[in-house]
Amino acid sequence: MYRTRVFIFSAPILSLREIRVSIIERTVSGIAILQIDSPPVNAFGGAVRAALARGLAAACAAPDINAIVLCGTTLFSAGADITEFSGDKVRLKPMLWDLFTLLEASPKPVVAAVDGLALGGGTECILATDYRIATPSARFGLPEVKLGILPGAGGTQRLPRLIGPQAAIDLMTRGHTIDAQQALALGMIDAIAEDLLSEAIARAKAIAATGNRPTAALRRTDKVSGFDRAYFAEQRSKAVAKARGLAAPAAIVDCVEAACTLPPREGLRFERSLLDALRANPQHMALTTLFQAERAAAKVPHLVATPAPVSRVAVIGAGTMGVGIAMAFANAGVDVVLSEVDTAAVQRGLSTIGQNYENAVSRKAIDRDAADAARARIEPAVGLEALGPVDLVVEAIPEEMALKQQLFATLDRVTPQHTILGTNTSSLDIDEIAKTTSRPGKVVGVHFFAPANVMKLLENVRGSLTDDTTIATVMALGKRLGKVSVLAGNCDGFIGNRMLHYYSCSAEFMVEHGIAPTRIDAVAEAFGMPMGPLALRDLVGLDVTVLVRKQRMARQPLGTRTPLVVEALHAAGRLGMKSGKGFYRYEGRRRLPDPDVTTILEEHVRRNGFARLALTDQQILDRLLLPLVNEGAKELADGTAIREGDIDVVWSSGYGFPRHEGGPMYWGRRVGLERVKAMADELGQCFGANWMPASNLDGLLKSH
Ligand code: CAA
């Protein structure tokens, strides 16, 4: 559904029906207003591009029109229509780059008036106009890099000419948004106005009256001279170092170099060739699919309930998780009561929060006023009786069922009947917790990832009795907290940790068969994981793994082999990063190989008589990732995960699986589910039934 409205002020009637635009008003002489109105985000789909081109042509042809104002609705535009990227949609002409060339070549001046967001092609569009004006709350960004591509509708050529190469590289390689004040300071826009349309019309009239049109971005040279090859070589290597395998950032630097060294037409040609190359790179489709999977994940099939209002939340436990969860709510403008067992504990939590906000302010991640306001939303409480009227409780106490059950029984007594009782457990049975309350329908898993104020994932877990309103409420929370929500079924480890078990154990089995931990981690990190599986064990704490494993071993089927390298290191007094020694030795957060680890592990291997394996890096990677896919398939089979995309969202947002690989299921399909099956057969023979191939792999193979 789209509409492109043209407001023609005192202009002759154009053949508007034919071009599917309509006259709304006629009050100001000589100005045509082209308004993009194509919900939900004014994306530049084929129909919008075509209508804009026709509107532009009509305004240019109308003798009484002297200038054009181009605007959106509550947002300007989220850029190119991402649904056109998947390939099966026919792309209608004009293409975006041709439309912007038309805009720049318009014989009548064009003023862009931006309210809300201008992203991607939205920002590229305004760069092709004569003058840019925005409301104080407008935001701008070129997030193409997050889809594995570059601003390929002239953006890489116009932006550096307007704001200089350094700021352009920063904006386009990071893909973040900036506000109107920053855009003005950079020279990306020319003015900020509260009364957007009036100011835009006034400016359009003034330009038309004087005939004094600003120099088009592509013809500007002042900001792009004086940068040599060495400058771009340095920019490129910085971009590559940060990219963790993503191809687009280096290509963006190449394009900016072209903007600084080539004539505009050649620069545009160069940009197009790199855009085409990136579009053909599988990273682009992986990232685009993930973008769509994130939006799909928030939608639970057949769920029609309306979310309950949540204005005040209690967080129980002021340890690392509790503090992060309290900050996540406070940052989103929700009042929080943070409860601990005694004053000292709650004060410790508050002081961590204070410190975290100070750090965020000094890193410029948040401004001082926003930090102070968020901090003021967190109110301390000792015990549970003092929680007051809260709509939602999130429990973040240690992972022990008996403790959680006791807490939920008390929460059931002290909170109002409508209060949703959420547990941040990362693996425990939601039903076991719910049964200690009189409201199992209001008990739900709300699994945050550490640090909870930063990590983007909220894995919600449905117990067998959790009601639809509760599910709708916690699913809506994700968006409110700036996170992505995924709904998981109730099982050991839910979607993410259940799969993590196989990834980590596979790494540990390889260690038992003589592969060095440093090599396994290096392979995982070269693939793009932020941290290898064994370094991750150190971060979480080897004592934690030992404890969790003891409980898990009691539930495993007979004949399942358990890797015991963590236990061997733990028995030697190594607790991981917190004790400075685990799979590595630590100097602060710096991890270093430790010859003592080699000695302990060799002794463990010798004592158990494990055979040595000779594996290539590719085989190591396969042993890490293929079991993930196999377990993901089992989750789909038993309903723990609703869609393959949900699993990919969990792993990319919660575990740092490289986004440009699309998530484990997407990666698994790309490398071939036959390989998943073959690896599961092999590992199943060695390690037991849990590792055997998922029964639905053949079905999944046929389903695409
Ligand atoms: N094209 C098509 N659909 C889009 C879209 C786009 N560019 N951006 C968002 N949508 C859709 C979403 O898929 C979603 O659809 P459903 O309702 O069917 O799920 C709907 O719009 C609302 O989006 P969100 O749920 O994400 O809403 P939000 O308010 O949280 O966020 C947003 C809005 C900030 C615009 C966010 O959607 C976003 O970041 N979009 C991506 C913008 C982007 O990457 N643009 C660059 C595209 S590439 C380009 O423009 C240039 C080029 O040269 C190739």
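Domain bounds in this account come from an automatic or database domain assignment. For the protein chain, that assignment gives domain 1 (4-279), domain 2 (312-490) and domain 3 (497-640 + 672-703). Between domain 2 and domain 3, the C-alpha centres lie 31 Å apart. The model is a predicted one, in which local features need pLDDT of at least 70 and side-chain atom pairs count only at pLDDT 80 or more, while totals for chains, interfaces and linings use all residues. Residues are numbered from 1 along each chain as its sequence is written, and side-chain values use heavy atoms, with hydrogens and water left out.

Several polar contacts (pairs of N or O atoms within 3.5 Å) can be described here. An oxygen atom of the ligand is 2.4 Å from an N or O atom in the side chain of Lys299, and an oxygen atom of the ligand is 3.2 Å from an N or O atom in the side chain of Glu124. The backbone takes part as well: a polar backbone atom of Ala78 is 2.8 Å from a nitrogen atom of the ligand. Taken alone, the ligand exposes 980 Å², and the protein buries 72% of that; accessible areas come from the Shrake-Rupley method with a 1.4 Å probe, and for residues only the protein chains shown count as cover. Helices (H or I, at least four residues) and strands (E, at least two) are DSSP runs, numbered from the N terminus.

Turning to charged pairs, the structure holds 42 salt bridges, each defined as a side-chain nitrogen of Lys or Arg within 4 Å of a carboxyl oxygen of Asp or Glu. In one of them, Asp254 pairs with Arg236, with the closest N and O atoms 2.5 Å apart. This pair links distant parts of the chain, with Asp254 in helix 9 (residues 248-261) and Arg236 in helix 8 (residues 229-243), 18 residues apart. Asp254 counts as partly exposed because its relative accessibility is 24%, and Arg236 is partly exposed at 23%. The scale used here is buried under 20% relative accessible area, exposed over 50%, and partly exposed in between (1.4 Å probe, protein chains only).

A salt bridge also joins Glu508 and Arg537, whose closest N and O atoms are 2.5 Å apart. Here Glu508 in helix 18 (residues 496-512) is linked to Arg537 in helix 20, 29 residues apart, and both residues are buried. Glu525 and Arg591 form a further salt bridge, at 2.9 Å between the closest N and O atoms. Glu525 lies in helix 19 (residues 517-527) and Arg591 in strand 19 (residues 590-592), 66 residues apart. Glu525 is partly exposed at 27% relative accessibility, as is Arg591 at 29%. Elsewhere, a network of salt bridges links Arg498, Glu631, Glu635 and Asp638.

The surface also carries a nonpolar patch, formed by Leu539, Val540, Val544, Leu547 and Val548, with about 390 Å² of accessible area together. Helix 20 (533-540) and helix 21 (542-555) are the elements that give two or more residues to this patch, and helix 21 gives the most, with three residues. Patches are made of residues with over 30% relative accessible area and no salt bridge, with like charges joined within 9 Å and nonpolar side chains (Val, Leu, Ile, Met, Phe, Trp, Tyr) within 5 Å. Val548, found in helix 21, is partly exposed because its relative accessible area is 39%.

Key:
Polar contact = N/O pair within 3.5 Å; in protein donor to acceptor, adjacent residues only side chain to side chain.
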